[in-house]
Amino acid sequence: MPRPTVAQLTYGSCTVIFSTLAMLLLSQTSSGPGVAVIAVAALGLGLLVAMTVPVPRPSPASASASASVSAPPVRQQVQPEPVPVPVASVREPTAS
């Protein structure tokens with residue numbers, strides 16, 4: 001079983017927290033069994049949301065490149081041409 005992604009953990013946790021608060025505020029329950037039912041329902045809803053978050057899949061280009069068995073193309077080494085650097089002439093100061 002693959003590990004959950006960060007997005008799945010985030011969406012699931014936020015769903016549990018916000019749905020628990022919303023259900024507790026809307027139902028105005030204060031009994032232990034009522035709170036337990038709301039907590040279990042919120043956990044189930046959070047699990048459902050976390051499992052339906054789309055998981056990123058490798059792009060088709062990288063999947064087809066890894067599937068091919070052919071050798072990679074050989075690249076030729078190109079030597080860069082030297083760039084001429086202008087040299088400034090240096091004059092010695094003349095005495096006047």
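I looked up the secondary structure: the protein chain has three helices and zero strands, in the order α-α-α from the N terminus on. Helices (H or I, at least four residues) and strands (E, at least two) are DSSP runs, numbered from the N terminus.

I noted that this is a predicted model, where local features need pLDDT of at least 70, side-chain atom pairs count only at pLDDT 80 or more, and totals for chains, interfaces and linings use all residues. Residues are numbered from 1 along each chain as its sequence is written, and side-chain values use heavy atoms, with hydrogens and water left out.

I checked burial next. Of the 96 residues of the protein chain, 11% count as buried (under 20% relative accessible area; exposed is over 50%, partly exposed in between; 1.4 Å probe, protein chains only). The chain exposes about 8,900 Å², and carbon and sulfur atoms supply 68% of that area (Shrake-Rupley method, 1.4 Å probe; for residues, only the protein chains shown count as cover).

I then looked up Ile17, which is found in helix 1. Ile17 is partly exposed, because its relative accessible area is 49%. Together with Phe18 and Leu21, Ile17 forms a nonpolar patch on the surface, with about 330 Å² of accessible area. Patches are made of residues with over 30% relative accessible area and no salt bridge; like charges are joined within 9 Å, nonpolar side chains (Val, Leu, Ile, Met, Phe, Trp, Tyr) within 5 Å. A salt bridge is a side-chain nitrogen of Lys or Arg within 4 Å of a carboxyl oxygen of Asp or Glu.
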